[in-house]
Amino acid sequence: MSLFSDQPPPASPPAKPKITPEERRARQTDRLEDVRFEPVSPSDGPALLAMARAFHAEDGHPLTDPGETAVLRVASGEEPLARAWVVRRISAPEPLGYLILTLGYSVEYGGRDGFIDDLYLTPELRGRGIGARLLAFALERAAALGIGTLHLETEVGNADAERLYRAAGFEETGRRLMRRCIHPPTKC
């Protein structure tokens, strides 16, 4: 009981989870300068496909067989309307994230436009500013490709992604993104 009230004192806030020494070392090495963005190469195909599967499953839209084929076409350089980069630690070769930009054309936006088709970081790299740096890189690459307007989509309820995109200047258009599958016409 408190001296001034007959109510029990408020409960103390929950203790923060303890961080193991290994986690602390990992966090210290995941500084912004410890990652680099490299153009995807054919040898990145299997890792890119694994990350794309993880990303699409996480979003609730598992990658389809045609989607997997598209990822491998991007990795092999066979897709002229897509560019991709992988995120790597400077000290390690395995990819820990990726970015895919696709190219389009819009009369409304005055010419070439683009779409951030996928932007993914493995969970251990999230929340460290690397996503913001990857998004800034995407904007630089879009400008270098002559893209005048860059679009993206995010899942409803993904507040972290929405915050990241808004901080980079993206805004809602007030329109609803719709689709219709052409090939095959039955299901996307």
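With which residue does Arg-88 form a salt bridge? The partner is Glu-38, and the closest N and O atoms lie 2.6 Å apart. A salt bridge here is a side-chain nitrogen of Lys or Arg within 4 Å of a carboxyl oxygen of Asp or Glu. The model is predicted: local features need pLDDT of at least 70, side-chain atom pairs count only at pLDDT 80 or more, and totals for chains, interfaces and linings use all residues. Residues are numbered from 1 along each chain as its sequence is written, and side-chain values use heavy atoms, with hydrogens and water left out.

Confidence comes next. The protein chain averages a pLDDT (the predictor's confidence in each residue, from 0 to 100) of 86. Of the residues, 80% score at least 70. Over residues 1–5 the pLDDT is below 50. Beyond near neighbours in sequence, that stretch has five contacts (heavy atoms within 4.5 Å) in the model. Where pLDDT is low, the predicted coordinates should not be read in detail.

Now the sheet. Five strands form an open sheet in the order S1-S2-S3-S4-S5, with mixed pairing. Helices (H or I, at least four residues) and strands (E, at least two) are DSSP runs, numbered from the N terminus. Two strands pair if DSSP finds at least two bridges between them. S1 and S5 (149–152) are the edge strands, each pairing on one side only. From one strand to the next, the twist averages 25°. S3 and S4 pair in the antiparallel sense over 10 bridges. Gly-104 has Asp-113 in S4 as its bridge partner.

Helices pack on this sheet. H2 (residues 45–58) touches S3 and S4, and its direction makes about 80° with that of S3. H4 touches S1, S2, S3, S4 and S5. The direction of H4 makes about 155° with that of S4. Axes are lines fitted to C-alpha atoms, for helices over the stretch in contact, and angles run from 0 to 180 degrees between N-to-C directions.

The largest nonpolar core has 23 residues. Such a core is a set of buried Ala, Val, Leu, Ile, Met, Phe, Trp, Tyr and Cys residues joined through side-chain atoms within 4.5 Å. Buried means under 20% relative accessible area, exposed over 50%, partly exposed in between (1.4 Å probe, protein chains only). Among the residues with the most contacts inside this core are Val-87, Ile-116, Leu-119 and Leu-134. S1, S2, S3, S4, H4 and H5 each supply at least two of its residues. H4 gives the largest share, six residues. Not counting residues up to four places away in sequence, Leu-119 touches Phe-55, Tyr-98, Leu-99, Leu-134, Leu-135 and Tyr-165. A second, separate core of 16 residues includes Leu-48, Ala-84, Tyr-98 and Tyr-120.

Back to the charges. The structure holds 11 salt bridges. Arg-88 in S2 and Glu-38 in S1 are 50 residues apart, so their pair links distant parts of the chain. Arg-88 is buried, at 9% relative accessible area. Glu-38 is partly exposed, at 24%. Shared partners join Arg-36, Glu-38, Asp-44 and Arg-88 into one network of salt bridges.

Glu-58 and Arg-126 meet in another salt bridge (3.0 Å, N to O). Glu-58 lies in H2, and Arg-126 in the loop between S4 and H4, 68 residues apart. Both are partly exposed: Glu-58 at 46%, Arg-126 at 34%. Asp-160 pairs with Arg-163, the closest N and O atoms being 2.4 Å apart. These two are separated by about one helical turn because they sit three residues apart in H5. Asp-160 and Arg-163 are exposed.
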